[in-house]
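Subject: Structure handover

Hello,

I am passing on the structure we spoke about. Please look through it first; my notes follow below.

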Amino acid sequence: MVQASPHYRADSVKAASGRAGFLLVCVVAVLVLGSALLWSSPEFRAGHLLLGCVVSVFYAPRLLGPLLPRMGWAGVVFGGGLLLVHAASWVGGVMEGDPVWLASARGLAGMLGVFGLAVFALVLLAPRWRGFVKWSAWVLLGLLLVGSYVIFFIGIEYIGKPGRYAFQFEDLRMALIWPTRLLTQPIGQLAWEHTNFAAFYFGLALVIVLEHLGNGGKSLTARGLVILLGSAVFLTASRSGWLMVLMALPLILVGRKSRFALETVGLLVLAIGFGFACLKTKQVQTPPPPAAIGTHSGGLVKRADAGRFIVYQTVWKELGGRRLFGKGLGAVNQPVWQLEHEHSSFISTLRGGGLVGVFGHLLVIGSATWTALRLMRRGQRWPLVLLVTVLSGLLFDRSSVIGISGYYEFIAHWVAVSLPLILLASWPPARGTDEDRA
């Protein structure tokens, strides 16, 4: 798995490996796991998970404070863009008729959630937590893969009902997301009823494993994971999942030996072949599913654009005279055309904060990308790979990123954009140069 920079300076963030870091992890664990046991339900939208992130921000002066001066102009642009996004959505909400206190509360909660996630990510980067994070990631990934393939071949009809959106999906696709639903629902996540959710996990894990191999990893287990993860993304029939992988591949392959490039292509070809074999085996064992209806018709692989591109036109027309500041955070994650929500984090930004909000969002992403490129020049490629992969997955995936959300996309987005700044600020400055003082 990917590790933090070897130059990560624990002395600049002593609290991250000391008592404050330990207390923070304990507090978040109690909020997430404890409240989940009491309040979790299939439709609960992970409010307590977000609450744990909000609590984290109160450790910012001790954990993030020492790093802020070293973020330089990148940190200023990042913070300015974030403020611009929420200011635009606040204006848009007030113009739409939201009470001032409600628009302010939504914006404040979103800002606390974003900075709280940055603080929590900083804690988990500390040496004392690195082994725990790696071990947890391997266990969860293993459970997801094993569960997915076992349930795929057993048949989801023997496990339980697919959910309220079952009429849109074939049993084959639903089987692939059931393990993620079982693992994440107990901590309060909304029931995973769309294969894009599972494909996001599988695609992100696939990219990280490939980056590990590109850094010189020789493990046969990692190569086997590429085949299993690649075929899992294929079987979900999620175009968003494959977009994540395809956008990350150039970054993973550039500057690497041709032998690694050929091996990567070969492993992905084997993954698709294994996916085809699984699909044919399953089709022989079970009768064909009933014809799907709605925007997801057309079979397991051929499903056109499922209405995603029409959303762009619909939201633009919907805004009308509110295109400058949007309609506020209350308008985000609402039905669009015949879809349940925007299916794009960036369209949700346009809907909630208008063109001003989109500009602020791009400033945030731009500062993170520029910082990740600086890390890449120093030999740390994985922050940029992670950033590109996550942002690609959010082009046609869930929404509510700019607001307050307990969904995985909110967490993945803001962790991915904050990590480059945290890592670069933790890098020891080179003597006699001005690069790290910028």
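Helices here are DSSP runs of H or I with at least four residues, numbered from the N terminus. Please keep in mind that this is a predicted model.

Confidence
The average pLDDT of the protein chain is 77, and 71% of the residues reach at least 70. Residues 40-45 have a pLDDT below 50, although the model gives this stretch 19 contacts beyond near neighbours in sequence. Residues 289-302 also stay under 50, with 25 contacts beyond four places in sequence. Where pLDDT is low, the predicted coordinates should not be read in detail.

H361
Which helix holds H361? H361 lies in helix 13, which covers residues 345-377. Is H361 buried or exposed? H361 counts as buried because its relative accessibility is 3%, and the cut-off for buried is under 20%. The side chain of H361 makes a polar contact of 3.1 Å with the side chain of H413.

Helices 4 and 5
Two packed helices are described by the angle between their axes and the distance between the axes. Helix 4 spans residues 72-96 and helix 5 spans residues 100-125; their axes come within 9 Å and cross at roughly 160 degrees. Helix 4 is therefore roughly antiparallel to helix 5, as angles over 145 degrees count as such. From helix 4, the contact involves L82, L83, H86, W90 and V94. Helix 5 contributes V100, A103, S104, G107, G110, M111, V114 and F115. The crossing of these two helices, helix 4 and helix 5, is right-handed.

Regards

Terms used. Residues are numbered from 1 along each chain as its sequence is written. This is a predicted model: local features need pLDDT of at least 70, side-chain atom pairs count only at pLDDT 80 or more; totals for chains, interfaces and linings use all residues. Side-chain values use heavy atoms; hydrogens and water are left out. pLDDT is the predictor's confidence in each residue, from 0 to 100. Contact means heavy atoms within 4.5 Å. Buried means under 20% relative accessible area, exposed over 50%, partly exposed in between (1.4 Å probe, protein chains only). A polar contact is a pair of N or O atoms within 3.5 Å; within protein, one must be able to donate a hydrogen and the other to accept it, and residues adjacent in sequence count only if both atoms are side-chain atoms. Axes are lines fitted to C-alpha atoms, for helices over the stretch in contact, and angles run from 0 to 180 degrees between N-to-C directions. Angles under 35 degrees count as roughly parallel, over 145 as roughly antiparallel, 65 to 115 as roughly perpendicular and the rest as oblique. A crossing is left-handed if the near helix is turned anticlockwise from the far one by less than a right angle, and right-handed if clockwise.
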